[in-house]
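Hello,

Here is the structure I promised to pass on. My notes on it follow below.

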Amino acid sequence: MKSTWKVYVLALISFLVGTSNYVISGILDRIAETLGTSVATAGQLITVYSLAYAIATPILMALTAKMDRRKLLLYSLGLFIAANLLTYTLSGFGLFIAARIITAIGAGVVTVNALSIAAKIAPPGKQASAIANVTMGITASLIIGVPLGRMVASAFGWKAVFLVIAIVGVISMLIIAAVFPRMQGDKPVPLINQFALLKKPQVLVALAITFFWLGGYSLAYTYITPFLLEVTHVNESLISAALFVFGIASLIGSKVGGYNTDKRGIKSTLVSGMVLHVISLILLSLVGQSVIAVFAILILWSFAAWSSAPAQQFNLASLVPESSGVMLSLNSSMMQLAMAVGAGMGGLIVNRVSLASITWFGVLGVLIAIIAVFVLFSMLSRYSAGQSVGKKLQS
C-alpha cells in the first residue's frame with residue numbers, strides 16, 4: 001500500500017475519533033430521553049470526555065514516547081474500539097460515563113499518534129500535507145459524521161452509532177496490522193519540561209485565548225440540538241440538514257482562516273473571526289422561528305468560529321518556535337479542557353437559567369477571548385520594543 005493510501009487510513013481513523021466525540025451534541029436529546037436524564041445532565045458526557053482527553057493524553061504520550069508507533073496505534077485504537085462497544089452494550093448513565101472516559105483515553109493517543117505516523121510515512125516535502133489530510137478527518141466528522149450519526153440514531157437508535165464506529169474501527173485496525181511498517185518512537189520530552197513553558201506570561205495569555213474562545217463555542221454547541229428543537233423550533237426532520245450545513249461551514253471557515261492568517265496576520269484573523277462569532281451567537285438568540293434565518297446564522301457561526309482555529313494554532317507555534325510541538329500539545333489539551341468547562345457550564349446554565357440563554361453566555365466567553373488577543377499582542381509589542389532598545393544599548 002502506497003504511503004498516500006496509508007495516510008487516508010489514518011484520516012479515516014481520525015474521522016471515527018472525531019465522530020465519536022462530536023456526535024454526542026447531535027444526539028443529546030435522544031441520549032437524555034433513553035437514559036432518563038435531563039439534557040443538561042446528558043451534556044456532562046462531553047465534560048467528562050474532554051477532561052479525560054485533556055489530562056490523560058499528554059501523560060500517556062510522555063510515558064509511551066519510546067514505544068513503536070505502529071504498536072501504540074494498534075493498542076490505543078483497540079482501547080477506543082472496546083470503549084465504543086461498551087457504550088453500545090452497557091445500560092445506565094453511570095456506566096455510559098465510564099465508557100466515555102475510556103473512549104477519551106484511547107482517542108487522545110490515537111489522534112496524536114496518527115498525526116505523528118502521517119508525518120513519518122509521508123514522502124519528503126509532503127509531511128505537512130499528510131498531517132493536513134489526517135486533520136481533515138476530524139473536520140469531516142463535523143460535516144458528515146455528526147449529521148450521519150443523527151440519521152442512524154433516528155433509524156436504529158442512538159447506540160447503533162457507536163456500534164458502527166467500532167465495526168469500521170476494527171476494519172481499520174486490521175489494515176494497519178497488515179500493511180503499516182514498524183516505526184521507532186521519539187525521544188521523550190519529560191512532562192516537567194512541557195509544563196515549564198507555562199511559566200511564561202505570553203504563553204498563559206495565548207492559551208487563555210483558546211480556553212475562552214472554544215469554551216464560549218462549546219457552551220452553545222454542546223446543546224445545539226435541543227436549542228434548535230425547543231428554542232428556534234426547527235423541525236426534527238431538518239436537524240440532520242442543519243448539522244450538515246454547520247459542518248460544511250466549519251470546513252470553509254478553517255480554510256479561509258488559514259488563508260487570512262497568511263495574508264493579513266494572526267491578530268487581524270483572530271479578532272475579525274471572533275467578532276463575527278459574537279455577532280452570530282447574538283443573532284441566533286434573536287432570530288425567532290424562521291428556518292431560513294436559523295440556517296443562515298448557523299453557517300455564519302460555524303464559519304466564524306472555525307476561522308480562528310488555524311490562526312490560533314499558528315499563533316502558539318510561532319510564539320515559542322523552538323518548542324512548537326510542545327506548544328501545540330498544550331493547546332490540544334487546553335482545547336479539550338475548554339470543551340469540558342463549556343459543556344459543564346452550559347449544563348448549569350440550562351438547569352438554573354434557561355436553554356435559550358446559552359448563546360448569551362457563549363458570547364461572554366468569546367468576548368473575553370478577544371480581550372486576551374489584544375492583551376497578548378500588547379505584551380509582544382512591549383517585549384519586541386524592549387529587545388530593540390537592548391540591542392541599541394549593546395551596540
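First, a definition for the helix pairs: axes are lines fitted to C-alpha atoms, for helices over the stretch in contact, and angles run from 0 to 180 degrees between N-to-C directions. Helices (H or I, at least four residues) are DSSP runs, numbered from the N terminus.

This is a predicted model, where local features need pLDDT of at least 70, side-chain atom pairs count only at pLDDT 80 or more, and totals for chains, interfaces and linings use all residues. Residues are numbered from 1 along each chain as its sequence is written, and side-chain values use heavy atoms, with hydrogens and water left out.

Helix pairs

Helix H1 (residues 3-26) packs on helix H8 (residues 159-179) at about 160 degrees, with the axes 10 Å apart. H1 and H8 are therefore roughly antiparallel (angles over 145 degrees). Their crossing is left-handed, meaning that the near helix is turned anticlockwise from the far one by less than a right angle.

Helix H5 (residues 69-89) and helix H6 (residues 93-121) cross at roughly 150 degrees, and their axes come within 8 Å. That makes H5 roughly antiparallel to H6. H5 passes H6 in a left-handed crossing. The contact of H5 with H6 has 15 nonpolar, seven polar and three charged residues. For these classes, Ala, Val, Leu, Ile, Met, Phe, Trp, Tyr, Cys and Pro count as nonpolar, Asp, Glu, Lys and Arg as charged, and the others, Gly among them, as polar.

Helix H13 (residues 266-286) and helix H14 (residues 291-319) pack at about 150 degrees, axes 8 Å apart. That makes H13 roughly antiparallel to H14. The contact of H13 with H14 divides into 15 nonpolar, nine polar and no charged residues. The crossing of H13 and H14 is left-handed.

Salt bridges

How many salt bridges does a search of the whole structure find? There are three (a side-chain nitrogen of Lys or Arg within 4 Å of a carboxyl oxygen of Asp or Glu). One joins the side chains of Arg-150 and Asp-29, at 2.6 Å, N to O. Arg-150 lies in helix H7 and Asp-29 in helix H2 (residues 28-35), so the pair ties together parts 121 residues apart in sequence.

Surface

Ile-144, Leu-148, Met-151, Phe-244, Ile-248 and Ile-252 make a nonpolar surface patch of about 520 Å². Patch residues have over 30% relative accessible area and no salt bridge, with nonpolar side chains (Val, Leu, Ile, Met, Phe, Trp, Tyr) joined within 5 Å. Areas come from the Shrake-Rupley method with a 1.4 Å probe; for residues, only the protein chains shown count as cover. Helix H7 (127-156) and helix H12 (239-264) each give two or more residues to the patch.

Best wishes

Technical notes. Parallel < 35°, antiparallel > 145°, perpendicular 65-115°, else oblique. Patch = residues over 30% accessible without salt bridge, like charges linked within 9 Å, V, L, I, M, F, W, Y side chains within 5 Å.
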